[in-house]
Amino acid sequence: MHTFQTIFRLALKDYFYERLLSACAIMGLAAVLAPLLVLFGVKSGIINTMSDRLLQDPRNREISPVGSGRYGADWFSALSKRSDVDFVVPQTRSIAASMILYKKDAAKPRTLVVSLIPTGDGDPLLLQYGRIPTEVRQVVLSDTAARKLNVKAGQDIIGKVGRSVAGAKEQVMVNLQIADVLPHEAYVREAAFVRLELLEATEDYRDGRGSKAFGWPGPVRPAGSRVYPSFRLYARSIYDVSELRNMLMDQGLEVYTKAEEIETVKSLDRSFNLIFALIAVVAVLGYFASMVSNVLANVNRKSRYLGISSLIGFSTGNIIWYPILQSIATIVFGFTTAVILYKTAEVMINRLFTEFLASGEYVCRLSIVHMLIVLVLMLVLSIMASAYGAFKVSRIEPSEVIREV
């Protein structure tokens, strides 16, 4: 009895002997598969790039209140305990959240009015683009503010806060250190990110009170919980933005988010998936039908030789592998050709759009996992397509072959 290895060698030798027909089958598969790989690569590259940009930029997770409210310590405590909240910090009145920054310079002293923005441990914006100030006298400046003051990280500046009491103008100063400077894309306006303690002291001073921590004169603020008019809030991920927004709106709060932009990417992903699925189904069904007809034609054309193989000792179980092995060979070589064509197109497409992409971003990209999934699916389809051909092989009667010979 002949073994499976023998029928394996015979099937491949016959496959390479008829190299013209085999090449046509290989190129037919590559012609169908390569455009699908390019289409899926573009879909994957564009959507992944847009998703990565959304995921990596903390500003897309920010939820900003519209108008003023009244938020106490209990409200902030409950919100910070939610699993979908990444960071939340109270914010004082915007009219009081400003400071004059002064840089001593013998040639040309510089002053600039900046907005004070509260920050704290875990601030996603500063973790992404800079560093969080660890002390109350440290500040992180926006790029615009730093350029206008002509300062950089590590330098010292003076902060000035003024108020009017009974018609008399008063002013206090505080020595500050620049912990870091944010890049322009992180925050475009003139601003200084400070610890909440400095922001609260600034508001209290403008309200006619003093601050022991900074040595500012005035009566001490009465004991009791502070109520804030606003906040800075970041969701845990872009997929939590809508839920947090709906929760806040249920509380009667008007908020601004980038949920629409996030939903646009999700909708685009769904649309791409639908279009790709429709094209893939039509193309695969067409090629599947072509493969079935080719396998059957090949089996019918070689039924005499397959019958003789049965007569000379090949078992039916081994012979039915004949069309299956040849189909698998077509898939392996056709898939390899398609991948080569896809990789060529991938390089060309990504080079065309290099100027629009950041480092590590792609317009067209498929991972090894995607490639392996496609290969496995094609192998399954090839076995299915050759199954009926294998069935016909098993039905060949040696007696019919003897009569024809």
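**Contacts, rings and spaces**

Colleague: A polar contact of 2.6 Å joins the side chain of E346 to which residue?

Modeller: The side chains of E346 and Y342 are joined by that 2.6 Å polar contact (N or O atoms within 3.5 Å; within protein, one able to donate a hydrogen and the other to accept it, with sequence neighbours counted only if both atoms are side-chain atoms). E346 lies in helix 11 (residues 321-352); helices (H or I, at least four residues) and strands (E, at least two) are DSSP runs numbered from the N terminus. So the partner of E346 is Y342.

Colleague: Is E346 buried or exposed?

Modeller: The relative accessibility of E346 is 5%. Buried means under 20% relative accessible area, exposed over 50% and partly exposed in between, with a 1.4 Å probe and protein chains only. At 5%, therefore, E346 counts as buried.

Colleague: What pLDDT do local features need here?

Modeller: Residues are numbered from 1 along each chain as its sequence is written, and side-chain values use heavy atoms, with hydrogens and water left out. This is a predicted model: totals for chains, interfaces and linings use all residues, side-chain atom pairs count only at pLDDT 80 or more, and local features need pLDDT of at least 70.

Colleague: Which residue has its backbone oxygen 2.8 Å from a polar atom of the R61 side chain?

Modeller: R61 is found in the loop between helix 2 and strand 1. With a relative accessible area of 11%, R61 is buried. Its side chain makes a polar contact of 3.1 Å with the side chain of D86. The backbone oxygen at 2.8 Å belongs to A235.

Colleague: How far apart in space are S68 and Y228, C-alpha to C-alpha?

Modeller: S68 is found in the loop between strand 1 and helix 3. It is exposed, because its relative accessible area is 69%. In sequence, S68 and Y228 are 160 residues apart. In space, C-alpha to C-alpha, the value is 8.8 Å.

Colleague: What is the phi of N150?

Modeller: N150 lies in the loop between helix 5 (143-149) and strand 6 (156-165). With a relative accessible area of 42%, it is partly exposed. Most residues other than glycine have a negative phi. N150 is not a glycine, yet its phi is positive, at about 60°.

Colleague: Why is the pair of Y71 and W75 called tilted?

Modeller: The whole structure holds 12 aromatic pairs (rings of Phe, Tyr and Trp, its six-membered ring, with centres within 6.5 Å; planes under 30 degrees apart are stacked, over 60 edge-to-face, the rest tilted). The rings of Y71 and W75 have their centres 4.6 Å apart. Their planes are at 45°, so the pair is tilted.

Colleague: How many residues apart in the chain are W75 and F231?

Modeller: W75 and F231 form a tilted aromatic pair, 5.2 Å centre to centre and 40° between the planes. The pair links distant parts of the chain, W75 in helix 3 (residues 73-80) and F231 in strand 9. W75 and F231 are buried. The separation in the chain is 156 residues.

Colleague: Which residues form one aromatic cluster with W75 and F231?

Modeller: Y71 is buried, with a relative accessible area of 5%. It belongs to the cluster. Alongside W75 and F231, the members are Y71, F76 and Y228.

Colleague: Which ring has the charged end of R365 over it?

Modeller: The charged end of K160 sits over the ring of Y102, 4.3 Å from its centre (NZ of Lys or CZ of Arg within 6 Å of the ring centre and within 35 degrees of the ring normal). For R365 the distance from the ring centre is 4.0 Å. The ring is that of Y362.

Colleague: Which strand gives the most to the lining of the largest pocket?

Modeller: The largest pocket has a volume of about 540 Å³. Of its 25 lining residues, the closest to its centre are E62, Q91, I117, Y187 and R189. The lining divides into 13 nonpolar, six polar and six charged residues. With five residues, the most comes from strand 9.

Colleague: How many charged residues are in the lining of the largest cavity?

Modeller: The largest cavity holds about 90 Å³ of space. Its lining includes L29, Y287, F288, M378 and S382. Helix 2 (19-56), helix 8 (259-301) and helix 12 (368-394) are the elements that give two or more residues to this lining. The lining has 11 nonpolar residues, one polar, and the number charged is none.

Methods:
1 Å grid on protein atoms, 1.4 Å probe; cavity = no way out; pocket = protein on both sides within 12 Å on 5 of 7 lines; lining within 4 Å. Points joined across faces, edges and corners; volume = space filled by probe spheres on them. Nonpolar A, V, L, I, M, F, W, Y, C, P; charged D, E, K, R; others polar.
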